[in-house]
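Let's take a walk through this protein, one piece at a time. Have the structure open beside you and follow along.

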Amino acid sequence: MAIEEYKNKYENPAKWFVEEVNQPYHVNRITKCIANRDYLAGRHKVLGRENCAYKGKELITRKTILNYAKTVLRFHATYLLGKKVSFSGNENTIKNFNEIYKLGQYETVDYQILDRVNKFGDAYEVVYVEDGIIKSKVLDSGDCYPVYDDRGNYIAFIETWTDVFTNITFYNVYYPTYVENWNNDGGYLHMEDSKINVCGLPIHYHNFNDIDYNFGVSILTDIKPIMDELEDILSKMGDAIYINSLNPMPVAVGQRIESTIPADATGYVMNLDNGDYKVVSTTMDYNTIKLYLDNIKQMLNDIACIPSVLGSSTNIANISEVSMKILFHMANINADETKKWLNKGFQERFRRFQMILKMQGTEVSNDVEVVYNVNMPVATTEMVSNLKAMRELGAISRKSVMEKSDLITDSVAELKRLDEENGASGNVEKDKERA
């Protein structure tokens, strides 16, 4: 379905985007996005715990907040894209792409995309040219409305937000070949500007979602219920320890005590003619509570695909590379799945690069593959030994050895230095022979 046909679904086709952003499926998605943003800002379910009365006064119940979700999100983002990616393919194309990545700071852009997909399920990248340099901007996921037709074709894109100070609503409506800028400044909606868009629609990145194939789902959807349970039990345990255990309740059975004891006194003994006197305190079964908390934490790590040793006090030493890979197995599974939907967006980005470079007079191929350098702890000695063995077998080039090694950050510069050193040493040998 073409965009012109899609517009005719609404009463006012010229301003169709106003009705589009108010569709229930868009509202529901943006509501979840804002809820996740509030959660990351510290507004958790445990804050809704009611206060109660204790000893004639209001007791402010504990509301323990654990921002462990941020740790999970940072782990997955840095695990896959903590180290910059490299390329495999045509040498001339790779050279141009490396230059674009360096000038456009795409290492940060890639990280932002993965971070926002993990947080909100979707991320949107706009490719543009500024002063002859190819750059990208990652849009706010809470302001974005990609438009799909009934067949799942991506036909348009809407970015809208309202200025909190002026209360003016802005709309950037993207079409495949142009962009319209609208706002309601002055009390009525009007077009402010229209520009040619050679880079096409914003690139829509999203992970796999069983409910809607056109949009993604946040990692927070799976871990928030467990975090809410953990925060709730820890808050109640804090109240139980400080109120019931550290403040026991005296109980007198039988004769009624009419006199009082000074609050600051110590060492008093209650002598009753008839009855009993005891101190009642709440006792908690340590093993039961520990088992419950340990199982919640373990389930949280399993669902979040994080090795449990990273967040515990377990001591590990002399661990082999194979054992390390076993510990990071679930993280690797999650990373492998992430690569699949990231590559889909990256290939679309590379097509934009190819088109822009062609307009600038440079012909390149888009047959480029992304090589990810996962940020997993490795034994440096073992890694160097493996690379050395492959080099001696002739199964890997010098440049690839440098790219795979954590000891070298810039393989291109390092190769250039080696060539200069080899050239200088060759000249010295020739001078000796002449002498």
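**Finding your way around**

The protein averages a pLDDT of 84, and 83% of the residues score at least 70. Keep in mind that what you're looking at is a predicted model.

Let's begin with a helix. Helix α3 covers residues 24-40, which makes 17 residues. From its first C-alpha to its last, α3 reaches 24 Å, close to the 24 Å expected at 1.5 Å a residue. Which residues of α3 are buried? They are His 26, Arg 29, Ile 30, Cys 33, Asn 36, Tyr 39 and Leu 40. After α3 comes Gly 42, and its phi is positive, near 105 degrees.

Asn 36 deserves a stop of its own. This residue sits in helix α3, and it counts as buried because its relative accessibility is 7%, under the 20% cut-off. So what does Asn 36 touch, once you leave aside its neighbours within four places in sequence? Its contacts are Lys 119, Phe 120, Ser 218, Leu 220 and Lys 224.

Now for the sheets. One of them is an open sheet of 3 strands, with antiparallel pairing and the order β5-β4-β11. Its edge strands are β5 (133-138) and β11 (203-206), each of which pairs on one side only. From one strand to the next, the twist averages 30 degrees.

Look at β4 in that sheet, which spans residues 122-130. Strands β4 and β5 run antiparallel and are joined by 6 bridges. Among the bridge partners, Glu 130 goes with Ile 133 in β5, and Val 127 goes with Ser 136, also in β5. The hairpin these two strands make has 2 residues between the strands, and Asp 131 there takes a positive phi near 55 degrees. Turning to the other partner, β4 pairs with β11 over 4 bridges, again in the antiparallel sense. Here Tyr 124 stands opposite His 204 in β11.

Next up is an open sheet of 5 strands, antiparallel in its pairing, which you can trace in the order β6-β7-β8-β9-β10.

One of the pairs to look for is Glu 159, whose bridge partner in β8 is Asn 172.

Last, the cysteines. How many disulfides does a search of the whole structure find? The count is 0. Cys 33 has already come up as one of the buried residues of α3. Cys 199 counts as buried too, because its relative accessible area is 5%. Cys 52 is another story: it counts as partly exposed because its relative accessibility is 36%, which falls between the 20% and 50% cut-offs.

Note on methods:
Residues are numbered from 1 along each chain as its sequence is written. This is a predicted model: local features need pLDDT of at least 70, side-chain atom pairs count only at pLDDT 80 or more; totals for chains, interfaces and linings use all residues. Side-chain values use heavy atoms; hydrogens and water are left out. A disulfide is a pair of cysteine sulfur atoms within 2.5 Å. Buried means under 20% relative accessible area, exposed over 50%, partly exposed in between (1.4 Å probe, protein chains only). Two strands pair if DSSP finds at least two bridges between them. Axes are lines fitted to C-alpha atoms, for helices over the stretch in contact, and angles run from 0 to 180 degrees between N-to-C directions. The expected span of a helix is 1.5 Å times one less than its number of residues. Contact means heavy atoms within 4.5 Å. pLDDT is the predictor's confidence in each residue, from 0 to 100.
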